[in-house]
Amino acid sequence: MSQPEYTTAQANALTNHDRKPIHIPGSIQPHGILLALSNQLEILQVSNNTQVYLCKAPEDLLSKPLSYLLEPQPVEIVKQCLVKKVGSANAFKVLINTLYGEIYFDAIAHRTEEAVILELEPTDSEFEMSFLNFHSFASEAIAKMQKTSNLGEFLHLVAEEVQKIIGFDRVMVYQFDESEAGSVVAEVKREDLSPYLGLHYPATDIPAQARELYTRCFLRFLPDLTAEPVKLVPTENPTTHQHLDLSYCLLRSFDWCCTEYHQNMGVKALLVISIIQEQKLWGLISCHHQTPKYISYEVRKMCEFLGQIASSELAHKISNSEWDYKVKLKSLQSEFLESISQADNFIDALIKPEIRLLDLVSASGAAVCLDNEITLVGTTPNIDEVRALIEWANTQVSDNLFATDSLPKLYQEALVFKDTASGLLLLRISKIRRYYILWFRPEVLQTVHWAGNPQESMQAQADGSYTLSPRKSFEQWQETVRLTSLPWKPCELDSAIALNNAIVGIVLSKADELAKINLELERSNQELASFAYAASHDLKEPLRGIYNFSTVLLEDYAQVLDDDGMECLQTVVSLSVRMETLINALLRLSQLGQAQLRLQATDLNELLNQVIDIFRASRQDSGLVDIRIPRPLPTVLCDRVLVNEVFSNLLGNAFKYNDKTEQWVEIGYLDEGLGTRDWGLGKIFLNPISNPHYPLSPDGAPPSPIFYIRDNGIGIPQHHLETIFRLFKRLHSQQKYGGGAGAGLAIVKKIVELHNGHIWVESTVGVGSIFYFTLE
């Protein structure tokens, strides 16, 4: 059979085998008895060996209450199972009077969906092992395991300690790989037995259904694989008319395939302990004995406890084993991502110097694809091969992160470049824009030592189908594995994801960069005209890129980002729209000598709400600010876009230059004209005599209304009240109050004057400021 044929047949046979209901065999092992009880603790089913242990035939027990067999105290313990979750067990000692005399049993009771199950195993001891005895018995083994840092030594010690407790001929630690196949990674055995250490076993040896049961039940004990199973009476639960679910039963009988498989290995007794890592089955502690061997329930529970300790310690050992590599990778990742986040062109940052991109995931080559532009780094397929590979990925790969160590098995065309790209790690940054990063690893020939030929488990049938059958031989069998690379480690996949997140961060930071550009504008009318040209031609292109990138991330990466991330991206979109509005406004401002303002009746309440919404969206601490509007603002004739910028600049400055714990800004207007007002800044005189900034109209009446923005900020010294409106005039260093170029108030002044209005400020240092302006 060829390899592809074998793989397909194996998959089909394994699927059929996994459908076998091994959790409902309808029988138990003969070293104990089983009773299935109703919620009223009435006996519904029993194993057909009660006569052997209790001197009572099954018919004598059916339909009887449990109290017919047990004293009130153990009945009460069993009753407690009714309020526990499925699988939770109560274990206790129980004494039962029989014709043979008094017999002590280890009793284990648990609840299933349809019944309460009570298992009884005869025991020589009437006493339960105390915690102190249990602790002294296990503490030395636990201490040794905790002191061992090397993973290999740790796994060998686990096998050694379990072997000391149970005295089996062979104890192995068996580890599963990504394909569910496994290998023996530690072994303690009798000297005359052939070693299994280092041998591999196909996934068919332990089918999925069995692995799933090992995940739920941490210990499986088969003291005599040659013993005949004992049927349940009746076969089906009389209430549900279904076979009884024995998933959590210690006495559950074994599948014939399991029996024959281990007997072919010369095994007569079997104990298996699960090793769980991150709620998944990492491996098994598999214990073999060449003759039937019974071990007590207490000893089994001790072994299960050691298995749980081993599971807990395993994460630390794996971390120690990979620690050096992870530290190196994390250090490189941190340095690399920092440089990318600060770069103007993240593509250049990715590929210069090229080795950093490769070291990030320990690859030998990489390709960076931006639409139709592909940049190759290191040892890679050629441009055309990479382009074809991306086309294949577009149709075959749905995830944004995809990794394989055997690309030629998935993509036949990769056979041509297997020497450079048998392994592929693909990061999709944007599906719409076709932005990809691909990393490559070369083919690495491997020799795998199997415990027998794995293909022997496939038996051809007359109809041409294949079924699983236990292998006869477990002699070492070698296979050369081709078309594979070294596998990608989880920490390397994490590095790729971190790179993706850094690129997202670059998109978000571009909005801030453009905001700073705005604060460096308007040196003169000529410079303003030059900026208008740049704004309409040069700045719009990166702005569209930011908007498009943000939209792509919202559409394609919603499942990767949390709610805060989504909100940030939505903010980028809003800020991009605002920035485009600003650029267009400044362009119109520079052209006002040839064109008219776009005057329209504008509801300032609606306009101000938009300003506040954008302002809050752009500030993470917006929940701490207090914006007050004492009364609705009037509707005025103005250029809506430019007046929006007036409010935005003045509102932003009010909070920017504020060091109070409780910051607030009040936005309103005055229509009473003359008089004085005391707002804590001293008396503010609103008349043409005391305040030259407040001009009279030709008929002597004051202009109406006067808008103001009042804050409780740091205030402005009196000698700077005029100079703050000069272009690029700053009262503080760039390092204080968020920096800036000092163009904001100059732009505001220009916009107000274009509306034939005036702007001025009254302020007291340490108390606050009030900016007034009018719009004719």
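**Entry 1: a helix pair**

I started with two helices and saw that H20 passes H21 in a left-handed crossing. For the handedness I used this rule: left-handed if the near helix is turned anticlockwise from the far one by less than a right angle, right-handed if clockwise. Helices here are DSSP runs of H or I with at least four residues, strands are runs of E with at least two, and both are numbered from the N terminus.

This is a predicted model, and local features need pLDDT of at least 70, side-chain atom pairs count only at pLDDT 80 or more, while totals for chains, interfaces and linings use all residues. Residues are numbered from 1 along each chain as its sequence is written, and side-chain values use heavy atoms, with hydrogens and water left out.

Back to the pair: H20 covers residues 640-656 and H21 covers 744-754, and their axes come within 9 Å and cross at roughly 145 degrees. Axes are lines fitted to C-alpha atoms, for helices over the stretch in contact, with angles from 0 to 180 degrees between N-to-C directions.

Which residues meet? From H20 I noted Leu642, Val643, Glu645, Val646, Asn649, Leu650 and Asn653, and from H21 Gly744, Leu745, Val748, Ile751 and Val752. Contact means heavy atoms within 4.5 Å. I sorted the residues of this contact into 8 nonpolar, 3 polar and 1 charged.

**Entry 2: the open sheet**

Next I traced an open sheet of 7 strands, in the order E1-E11-E3-E2-E6-E5-E4, with antiparallel pairing. Two strands pair if DSSP finds at least two bridges between them. At the edges I found E1 (27-28) and E4 (89-98), each pairing on one side only.

Inside that order, I looked at E3 (residues 43-47) against E11 (residues 230-233): they pair antiparallel over 2 bridges. Val46 stands opposite Val233 in E11.

What packs on this sheet? Helix H4 (residues 72-79) does, touching E2 (33-37), E4, E5 (101-111) and E6 (116-122). The direction of H4 makes about 150 degrees with that of E4.

I moved on to E7 (residues 170-176), which pairs with E8 in the antiparallel sense over 7 bridges. Phe176 stands opposite Gly182 in E8. E7 and E8 make a hairpin with 5 residues between them, and Glu180 in the turn has a positive phi of about 75 degrees.

E8 also takes E9 (residues 200-201) as an antiparallel partner, through 2 bridges. Gly182 turned up again here, with Tyr201 as its bridge partner in E9.

How covered is E8 (residues 182-189)? Mostly: 6 of its 8 residues are buried. Buried means under 20% relative accessible area, exposed over 50%, and partly exposed in between (1.4 Å probe, protein chains only).

**Entry 3: salt bridges**

I counted 20 salt bridges in the structure. The cut-off is a side-chain nitrogen of Lys or Arg within 4 Å of a carboxyl oxygen of Asp or Glu.

Lys93 is buried at 15% relative accessible area, and Asp106 is buried at 4%. Lys93, Asp106 and Glu298 are linked in a salt-bridge network.

Glu161 and Lys144 came next, at 3.6 Å between the closest N and O atoms. Glu161 sits in H6 (residues 151-166) and Lys144 in H5 (residues 131-147), 17 residues apart. Are the two ends buried or exposed? Glu161 is buried at 6%, while Lys144 is partly exposed at 30%.

Arg190 lies in the loop between E8 and E9 and Asp169 in the loop between H6 and E7, so the pair ties together parts 21 residues apart in sequence. Arg190 is partly exposed at 34%, and Asp169 is buried at 11%.

**Entry 4: whole chain**

Last, the totals. I got 21 helices and 31 strands for the protein chain. Buried residues make up 50% of its 776 residues. Of the contacts between residues at least 6 apart in sequence, 67% join residues at least 24 apart.

Methods
Nonpolar A, V, L, I, M, F, W, Y, C, P; charged D, E, K, R; others polar.
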